[in-house]
Amino acid sequence: MIQKIGIPKCYKDFHCIAEKCTDSCCAGWQVDVDEASWEYYKTVQGEFGGYLHSVMVEVPEAEGQFRLREDGRCPFLNDTGLCDLFSNLGENRLCKTCTNYPRYMEEYGTLREVGIAFSCPEAARLMLSDSRPMEFEEITLGPDADQWCDTAKDVMWRTAGMGASDMAELMTNREETAAQGFIVETETFDESYFNMLYEGRKTAFFIVQQRILSIEQRVLLYLDYAVALQQLLDDWQQGEDDSFKVNLLVREYGNEQWLCKRWQQLYEEACRWDADADGFQLYGETVPFGEVRYHLLPEFAAVLYGELKHCKPQWGPMLAEAEKVLKESMTPEEYAKTYRDFDTFFQGREYEYEHLLSYFVFKYFLKAYFDDDVYGKAQLAAVGYLMVKQLGVCHWVTHKGKFDRADQAELFHLYSREMEHSDENYETFVDSLKMENMCNFEHLMALLTEEGQDGK
């Protein structure tokens, strides 16, 4: 039974802006229709029912889908940017995908966490609209659903796990639907292991929101923390009770002074690499400190992103433009100066990248309960930050010093759409992070300590 809901505090402020949106979640994506909605759609009569049946296509991997138009848009998206299915049948008759997006959900025992994805332009705009650290809250669900707050009712209505037609038959309004949605059977759940991760995530939030440090320093410390925690979790899975060590680790990295000292240790270690090897090794080639970022980020773009299926047509050209503008047209010295100038320009807006990191921590960290891969979740956040910033610097250069919050929100939106809303892309990307040696901790450490010198 779900007893608590975890959400970002901005969840309650989100609403779809429909035709005012700069993009459309009804174009470029194939929507899988849940079984209950599919069965209901078969029963719809009249002129609209005839059109509905004409675009319904059964597919092996799902109950069914709607046949997209030649331009890749949903057959129900009309010229005003509104949904004809919504207009004709009502919100309660939308399939689960359309009812929930851009909300995403994960369940951990009695806890259901729900967020809003950056792939929605309005969600990205909303989450960048406040410079304060992102906050998250938990809502306790009492036995009397009539007493739930409006936010809890909305979350449970949308994520009840029921088909739209089932909900419509059982309920006459959203509030009553919510009352039914909290009764969920849970499988065997390792509460002690989850609680360890849950406390560990609090420290991850503390690290990425520690504003006494630069963003690059926070990213590296998050990775360093994940490396140490991963080792303890691996031991835990081997039957060793390392809860005491985990608690000690969580307390250490949750201390501001300790973090600053740990950063200095990591920085000095990276400098010793440079002194010992007269540079850093990438694919067997020597790369001097000061040029790691210049050489490594284009490799990330080519290897991690270049071969993926592009969900938006501008994504591939954006990656190519970044390499052309920031590497092919610049010397390493010019590149380093461009980054320093961008950081100067960006002062006062570092919270935007902090929010991106907080989003990654909230959405992915606890998923390690299912695959035991805490470090992989930190990699995901680190590489995501590095690439979004790279694209931001490119935009700033090509637009002659213009890069406002709306531009940033658009980059967050595009990145999330490419990496989070194509299962194929996401799985390929995660596998690449594990397999590509250039994504290991040492490479990321070299890159981030080099960047960290600017914020040191």
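Let me begin with the ground rules. The model is predicted, so local features need pLDDT of at least 70 and side-chain atom pairs count only at pLDDT 80 or more, while totals for chains, interfaces and linings use all residues. Residues are numbered from 1 along each chain as its sequence is written, and side-chain values use heavy atoms, with hydrogens and water left out.

I turn to the overall picture. The protein has 21 helices and nine strands; these are DSSP runs numbered from the N terminus, with helices (H or I) of at least four residues and strands (E) of at least two. Of its 456 residues, 54% count as buried. Here buried means under 20% relative accessible area, exposed means over 50%, and partly exposed lies in between, with a 1.4 Å probe and protein chains only. Contact means heavy atoms within 4.5 Å. Among contacts between residues at least 6 apart in sequence, 77% join residues at least 24 apart.

Next, two helix pairs. Two packed helices are described by the angle between their axes and the distance between the axes. The axes are lines fitted to C-alpha atoms, for helices over the stretch in contact, and the angles run from 0 to 180 degrees between N-to-C directions.

How do H9 and H10 cross? The axes of helix H9 (residues 191-208) and H10 come within 10 Å and cross at roughly 170°. That makes H9 roughly antiparallel to H10; angles under 35 degrees count as roughly parallel, over 145 as roughly antiparallel, 65 to 115 as roughly perpendicular, and the rest as oblique. The crossing of H9 past H10 is right-handed, a term used when the near helix is turned clockwise from the far one by less than a right angle, with left-handed for anticlockwise. On the H9 side the contact involves residues including Tyr193, Met196, Leu197 and Ile207, and on the H10 side residues including Leu221, Tyr225 and Trp236.

The second pair is H13 (residues 292-305) and H15 (residues 332-345), whose axes come within 9 Å and cross at roughly 85°. H13 and H15 are therefore roughly perpendicular to each other. Arg293, Tyr294 and Leu297 of H13 make the contact with Pro332, Tyr335, Ala336 and Tyr339 of H15.

I move now to charged pairs. Side chains of opposite charge can pair when their charged atoms come close. A salt bridge is a side-chain nitrogen of Lys or Arg within 4 Å of a carboxyl oxygen of Asp or Glu, and the whole structure has 22 salt bridges.

In one of them, Lys367 meets Glu106 at 2.7 Å, N to O. This pair links distant parts of the chain, 261 residues apart: Lys367 is in the loop between helix H16 (351-364) and helix H17 (368-371), and Glu106 is in strand E5 (residues 103-108). Lys367 is partly exposed at 21% relative accessibility, and Glu106 is partly exposed at 23%.

Arg262 and Asp224 also form a salt bridge, at 2.7 Å, N to O. Arg262 lies in helix H12 (residues 256-277) and Asp224 in helix H10 (residues 215-237), so the pair ties together parts 38 residues apart in sequence. Asp224 is buried, at 5% relative accessibility.

A further salt bridge joins Asp371 and Lys377 at 2.8 Å, N to O. Which of these two partners is buried, and which is partly exposed? Asp371 is partly exposed, with a relative accessible area of 40%, whereas Lys377 is buried, with 6%. Elsewhere, salt bridges that share partners join Arg211, Arg218 and Glu354 into one network.

Finally, some single residues. His413 sits in helix H19 (residues 405-420) and is buried at 1% relative accessibility. A polar atom of the His413 side chain lies 2.6 Å from the backbone oxygen of Ser119. Leaving aside neighbours within four places in sequence, His413 is in contact with Asp23, Phe118, Ser119, Cys120 and Pro121.

Thr151, in helix H6 (residues 150-158), is likewise buried, with a relative accessible area of 13%. Beyond its neighbours within four places in sequence, Thr151 is in contact with Ile7, Tyr11, Lys12 and Ile139.

Lys245, in helix H11 (residues 243-253), is partly exposed at 46% relative accessibility. The C-alpha atoms of Lys245 and Leu229 are separated by 9.2 Å, and the two residues are 16 residues apart along the chain.

Key: Polar contact = N/O pair within 3.5 Å; in protein donor to acceptor, adjacent residues only side chain to side chain.
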